[in-house]
Amino acid sequence: MHLWYSLVDLLLPFEWMQYGFMKNALLGVLLVTPIFGLLGTMIVNNKMAFFSDSLGHSALTGIAIGVIVGNVFPFMEIKPIWSMLVFSVLMTIAILVVKEANTASTDTIIGVFSSTAVALGLVILTRNGGFNKYSGYLIGDFLNISPSDLLTLGIVFILVISLWVVIFNKLLLSSMNPSLARSRGIRVKQYEYLFAIIMAVIVTISIQWVGILIISSLLIIPAASSRNIAKNMRQYHIYSVLIALISGLSGLILSYFWGTATGATIVLITSGFFALTLVMKLRLGQG
């Protein structure tokens, strides 16, 4: 971290960047937003926006389960991030298993799981007025990110980028043409599960900084904006990552001066990008 602090002092000699929490937040944004930009492209392609939203909402139940375990077994001190992570992965697998049974449409299944998870989490956490201590997860706080959090983010960043390089082509083919993918020996179901679990892990880890209420927006809007103007898959990914990154940096700086929630400020800027790219798309279509 000392090297990072020295680099920031050299490249960004501004008064507002002299604080340690701003330097930590800046590194956090640089690690989180490119991941969201990449994953968002596949989420938008596969029409999984509702699914990513449900993962964010399920975090409340994950926290609640951690509270219950801590009350039953006082000697077990479980951090909310771990209980959220376990529950999100289990819920992801449950949704996919039920979806394969073809008993209802995908959006219906996701809606049922998401609503149940939110209700259960709220019932547990609001019992005896204990919800206030967890309300921070609703809006997140990038400015509260710690060096240990950054280490976790760095590891996740490297793993996601490495996995993306290895599996992207197979994942894309599996999502766009499952029959062709199977004919080429690709195990479509395994890649569907793998991507969904990766998404669950990223959403869960990032919730404490981005916020439950808007985390799906940060996943979807950069990719949706990029799709408006991209002419091929390469541009689609590059634009999505750039929009997410620029929005993240701008949102961090503006939230510092405005005194607003960083995650929400970032999402507002991504929404501005979406409006801009939509206008560009309409004009190009008319031309």
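The model is predicted, and the values below are computed from its atoms. Two packed helices are described by the angle between their axes and the distance between the axes. Helices H3 and H5 pack at an angle of about 30 degrees, helices H2 and H7 cross at roughly 20 degrees, and helices H1 and H2 cross at roughly 95 degrees.

**Helix H3 against helix H5**

- Helix H3, which covers residues 49-72, packs on helix H5, which covers residues 106-125, at an angle of about 30 degrees and with the two axes 8 Å apart.
- Because angles under 35 degrees count as roughly parallel, H3 and H5 are roughly parallel to each other, and their crossing is left-handed.
- On the H3 side, the residues that meet H5 are Phe50, Phe51, Ser54, His57, Ser58, Leu60, Thr61, Ile63, Ala64, Val67 and Ile68.
- On the H5 side, the residues that meet H3 are Asp107, Ile110, Gly111, Ser114, Ala117, Val118, Leu120, Gly121, Leu122, Ile124 and Leu125.
- Sorted by class, the residues of this contact between H3 and H5 comprise 14 nonpolar, seven polar and one charged.

**Helix H1 against helix H2**

- The axes of helix H1 (residues 2-11) and helix H2 (residues 20-45) come within 10 Å of each other and cross at roughly 95 degrees, which makes H1 roughly perpendicular to H2.
- Helix H1 contributes Trp4, Tyr5, Val8 and Asp9 to this contact, while helix H2 contributes Gly20, Lys23, Asn24, Leu26, Leu27 and Leu30.
- The contact of H1 with H2 contains six nonpolar, two polar and two charged residues.

**Helix H2 against helix H7**

- Helix H2 also packs with helix H7 (residues 147-176), their axes coming within 10 Å and crossing at roughly 20 degrees.
- H2 and H7 are therefore roughly parallel to each other, and the crossing that they form is left-handed.
- The contact of H2 with H7 has 19 nonpolar and six polar residues, and no charged residues.

**Buried residues and lengths of helices H4 and H5**

- The 21 residues of H4 should span 30 Å at 1.5 Å a residue, which agrees with the 30 Å that separates the C-alpha atoms at the ends of the helix.
- In H4 the buried residues are Ile81, Ser83, Met84, Leu85, Phe87, Ser88, Val89, Met91, Thr92, Ile95 and Leu96, and what covers them includes H3, H5, helix H6 (136-139) and H9.
- Just after H4, asparagine 102 takes a positive phi of about 60 degrees.
- The 20 residues of H5 should span 28 Å at 1.5 Å a residue, and the C-alpha atoms at its ends are 28 Å apart, which agrees.
- Buried in H5 are Ile109, Ile110, Gly111, Ser114, Ala117, Gly121 and Leu125, and the buried residues of this helix pack against H3 and helix H4 (80-100).

- Valine 89, found in helix H4, counts as buried at 19% relative accessibility, because the cut-off for buried is under 20%.
- Leaving aside neighbours within four places in sequence, valine 89 is in contact with Ile197, Ala200 and Val201, and from C-alpha to C-alpha valine 89 and valine 201 are 7.1 Å apart in space while being 112 residues apart in sequence.
- Asparagine 45 lies in helix H2 and counts as partly exposed at 23% relative accessibility.

Note on methods: Residues are numbered from 1 along each chain as its sequence is written. This is a predicted model: local features need pLDDT of at least 70, side-chain atom pairs count only at pLDDT 80 or more; totals for chains, interfaces and linings use all residues. Side-chain values use heavy atoms; hydrogens and water are left out. Axes are lines fitted to C-alpha atoms, for helices over the stretch in contact, and angles run from 0 to 180 degrees between N-to-C directions. Helices (H or I, at least four residues) and strands (E, at least two) are DSSP runs, numbered from the N terminus. Angles under 35 degrees count as roughly parallel, over 145 as roughly antiparallel, 65 to 115 as roughly perpendicular and the rest as oblique. A crossing is left-handed if the near helix is turned anticlockwise from the far one by less than a right angle, and right-handed if clockwise. Contact means heavy atoms within 4.5 Å. Ala, Val, Leu, Ile, Met, Phe, Trp, Tyr, Cys and Pro count as nonpolar, Asp, Glu, Lys and Arg as charged, and the others, Gly among them, as polar. The expected span of a helix is 1.5 Å times one less than its number of residues. Buried means under 20% relative accessible area, exposed over 50%, partly exposed in between (1.4 Å probe, protein chains only).
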